[in-house]
Amino acid sequence: MKKSPQERKLERLLRSSKFSASGFMGNDRRNLWEIIDEDASEIMRAGKTMEEIAQRMRQITDTAKKGLGDWVHVSKTIKASVDDNRGTIPCPWPHHIRSLKRITTVQHIPTETIIRWSELNIHLIEEHGFFEGRGSAFRIEPSILVDILFPDE
Amino acid sequence: MASFVVPITVISGIGAILAAVLVFAERVITNYGDVQVDINQGDKKLTVRGGGSLLETLTTQKIFIPSACGGRGTCGYCKVKVSEGAGPLLPTEEPYMDAQERGEGIRLSCQIKLRNDLKIEIPAELLTIKEYLCTCDEIIDYTYDIKQFRLTVLDGQLMKYTPGQYVQVLAPQYDKSNEEVYRAYSISSDPADKRAIELIVRRVSDGICTTYLFDYLKKGDKVRINGPYGRFYLRDTSAPVIFIAGGSGIAPIKCMLHDMKNNNNARKSIFFFGIRTTKDLFLEQEMKQLETELPKFKFVPVISQPEPGAPWQGAVGRVTNVAEDYLKQQDDVGNYEGYLCGSPGMIDASVEILTKCGITEDKIYYDKFS
Amino acid sequence: MSFGSHMLHLVVILFAAIFTDNILLARFLGMCSFLSVSRQVKTAVGLGFAVVFVMTFTISLDWFAYRYVLQPYGIEYFRFILFIIIIAAFVQFIEMAIERYSPVLYQNLGIFLPLITVNCAILGASLFMVIRDYDLAEGIAFGLGSGIGWMLAIVAMAGIRERLNNARIPKGLQGPGITLIIAGLMALAFIGFTGVLSSR
């Protein structure tokens with residue numbers, strides 16, 4: 001099936017630098033639906049849903065927000081800091097949602113792995129199941145994310 | 001022979017006729033002629049060619065409505081009041097308008113096409129906003145993620161701005177970005193300098209404009225800016241002042257302090273500057289210098305998470321807590337005016353402690369990063 | 001044929017085109033946009049109206065072109081090229097005119113116009129008109145009916161797909177798969193109308 005004009009436009013937007021300097025797709029050659037599908041099966045294998053993940057991310061950001069940029073111990077294995085930048089960034093999907101340019105940096109204390117996400121990442125995962133393309137500045141690997149967010153399972 | 005000449009002639013003829021009709025239609029239908037735009041009830045009248053969007057037409061007339069998306073209808077900043085001639089609200093505008101704005105006739109200027117005479121109302125200061133071509137003649141690294149850019153205007157006078165206001169910088173197309181975007185940065189320099197302004201910019205991860213400024217802009221390059229914008233400025237009273245800023249939020253406050261020095265302003269003032277570690281500290285010397293020049297000014301850098309072993313004698317903790325401790329010791333807290341610049345989180349926390357200490361909200365002014 | 005029975009004849013053609021001979025579900029024309037733009041009822045309605053409008057008008061333009069240009073010169077075999085040129089030019093023209101004179105209509109309808117230049121249902125309707133030897137009034141009735149039929153089908157499909165968002169569909173069938181199955185079921189339902197009316 002041909003892609004509808006809306007889908008073509010969306011993918012073009014995601015690859016462009018309309019919203020962020022290097023776009024949302026990185027150097028990923030897969031098309032948008034392939035990326036979303038593969039990440040979705042990864043999440044499914046881990047026994048989680050997009051909502052659970054987004055909810056946990058939001059929880060961590062909200063806790064760390066109170067640190068005004070300092071590291072905050074969120075749980076035994078996680079510390080996080082939240083950093084605000086000026087302005088807002090729109091979601092590339094056509095529904096007029098805007099996110100703060102708020103970036104949460106999370107360190108997994110035992111392994112010292114560091115991941116980070118923006119407010120927009122949370123929205124993209126929750127609403128669109130999109131973890132961004134490989135090579136994008138804000139790509140999050142679903143498997144690493146799940147391991148850090150839900151350490152007990 | 002005629003057997004194929006006739007059909008081909010007929011079909012080509014029809015094609016040509018249709019093409020001619022379309023060309024003609026384009027001339028006639030999409031030609032809107034000249035239209036009049038009346039700004040602020042006769043303050044200014046423009047006669048312009050119709051057909052373009054209100055935003056882009058105003059820009060060609062050197063009237064700059066703030067807009068971050070460049071007219072694509074995704075940022076919702078370019079609102080103007082159109083009192084006559086705009087037609088019904090378009091579906092592309094609806095998401096950005098609340099009920100009150102709809103009632104007042106507020107519209108997105110990038111979505112309105114100039115088809116007929118319009119009457120619009122815009123804040124008077126927008127008429128003073130101009131575009132300037134500058135050269136970047138100095139780039140200073142302050143910290144690992146903060147730089148200062150000095151922009152000297154190429155010809156003529158620089159804008160008259162009120163200390164605390166901001167300008168928009170145009171990031172042109174470059175390797176990574178195929179579109180022009182505008183981003184806002186506060187002026188940090190001494191207002192006595194009439195030829196140049198300085199901007200203090202913190203790198204935004206994967207940001208379009210900061211990536212351009214940090215990685216692509218070189219000394220000697222040309223930069224386009226327009227401004228000034230904003231309502232964040234020092235109120236003309238003699239009340240004591242408490243400034244609270246974090247990171248690059250120091251910029252407008254530095255500008256205000258220079259201005260106070262130039263006018264021999266003897267207001268009592270104190271500046272709490274919040275940063276995370278000693279690596280984030282910058283402009284310390286300049287602030288110390290201002291302390292000697294302004295007898296009643298005090299600069300208090302506050303570090304929230306000093307590295308172990310760092311030689312730091314100053315205040316430690318949350319900038320808001322240190323400011324609160326200070327205010328609690330003042331007996332004239334109610335007189336203070338608060339000026340804040342920083343992240344939304346910091347502003348919210350500061351507003352909370354300032355009001356708790358007895359400063360009413362109408363005397364707290366801020367430039368929220370949003 | 002008396003006037004009354006002629007009117008009845010037109011009504012029969014109209015309803016036959018909507019139901020028994022639905023251009024989408026019985027003839028499978030215009031499938032591409034049917035499958036890809038049927039995610040939301042709102043957009044489906046917009047596209048549907050655009051198709052009704054363009055189909056009705058292009059079928060009459062094509063009728064004139066066929067009757068007064070192609071037939072006199074005996075070059076009926078050029079009808080494919082000519083019809084496509086006319087449809088494309090008409091859509092372009094209408095888009096310009098709507099944008100100028102009715103911004104609201106442009107917002108709701110205009111954005112779909114470029115999409116249907118290449119909708120095969122539009123060309124198909126004009127070609128059926130030739131095959132079935134319709135006169136102008138019959139052609140218009142047929143164009144209008146086919147347009148309404150197409151709109152009916154896509155709006156119904158969009159309604160079903162909006163509901164489907166809540167259904168658990170096996171992964172392999174998601175997207176185009178289930179849509180084609182639904183289209184098939186809808187076509188079966190429409191075949192139930194066969195023989196009730198005849199457009200010929």
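Two residues are in contact if their C-beta atoms, placed from the backbone, lie within 7 Å. With that rule, 17 residues of chain B are in contact with 16 residues of chain C. Before I go on, a caution: this is a predicted model, where local features need pLDDT of at least 70, side-chain atom pairs count only at pLDDT 80 or more, and totals for chains, interfaces and linings use all residues. Residues are numbered from 1 along each chain as its sequence is written, and chains are lettered from A, ligands numbered from 1, in the order in which they are written.

Back to B and C. We sort residues by class: Ala, Val, Leu, Ile, Met, Phe, Trp, Tyr, Cys and Pro count as nonpolar, Asp, Glu, Lys and Arg as charged, and the others, Gly among them, as polar. The side of chain B that touches chain C has 12 nonpolar, four polar and one charged residues.

Now chains A and B. Here the contact takes 23 residues from chain A and 24 residues from chain B. Which strand gives the most to the side of chain A that touches chain B? That is β2(A), with six residues. Strands here, and helices too, are DSSP runs numbered from the N terminus: helices are H or I, at least four residues, and strands are E, at least two. Both β2 (78–90) and β3 (98–108) of chain A supply at least two residues of that side. By class, the side of chain A that touches chain B has eight nonpolar, nine polar and six charged residues.

Let's stay with chain A. Its secondary structure comes to five helices and four strands. From the N terminus on, the order is α-α-α-β-β-β-β-α-α. The strands make an open sheet, β1-β2-β3-β4, with antiparallel pairing. Two strands pair if DSSP finds at least two bridges between them. β1 (72–73) and β4 (113–118) of chain A stand at the edges with a single partner strand each, so one side of each is left without a neighbour in the sheet. Between β2(A) and β3(A) there are 11 bridges. For example, A:D84 has A:R102 in β3(A) as its bridge partner.

Two helices go with this sheet. Helix α3 (residues 50–65) of chain A lies across β1, β2, β3 and β4 of chain A, at about 95° to β2(A). Helix α5 (residues 142–149) of chain A touches β2, β3 and β4 of chain A, and its direction makes about 105° with that of β4(A). These angles run from 0 to 180 degrees between N-to-C directions, with axes as lines fitted to C-alpha atoms, for helices over the stretch in contact.

On to chain B and its sheet. Six strands form an open sheet in the order β9-β8-β11-β6-β7-β10 (chain B), with antiparallel pairing. The twist averages 40° from one strand to the next. Three bridges join β8 (residues 166–171) of chain B to β11 (residues 222–229) of chain B. There, B:V169 stands opposite B:I225. Strand β11 of chain B also holds B:P228. The peptide bond from B:G227 to B:P228 is cis, with omega near 5°.

Next, the cores. A residue is buried if 20 or more other C-beta atoms lie within 10 Å of its own, exposed if 12 or fewer, and partly exposed in between, with C-beta atoms placed from the backbone. A nonpolar core is a set of buried Ala, Val, Leu, Ile, Met, Phe, Trp, Tyr and Cys residues joined through C-beta atoms within 7 Å. Of the 71 residues in the largest nonpolar core, which touch the most other members? They are B:F243, B:I253 and B:F272. Helix α5 (residues 250–262) of chain B gives the most to this core, with seven residues. Why does the core lie between domain 2 (129–229) and domain 3 (241–368) of chain B? Both domains give residues to it. Those domain bounds come from an automatic or database domain assignment. Another core, of 54 residues, lies apart from it, and C:L14, C:V54, C:M129 and C:I148 are among its members.

Last, two loop residues. B:Q41 sits in the loop between β1 (34–39) and β2 (44–49) of chain B. It has a positive phi of about 50° although it is not a glycine. Is B:Q41 buried or exposed? Exposed, with 10 other C-beta atoms within 10 Å. C:F28, in the loop between α1 (3–20) and α2 (31–36) of chain C, has a positive phi of about 55°. C:F28 counts as partly exposed, with 15 C-beta neighbours inside 10 Å.
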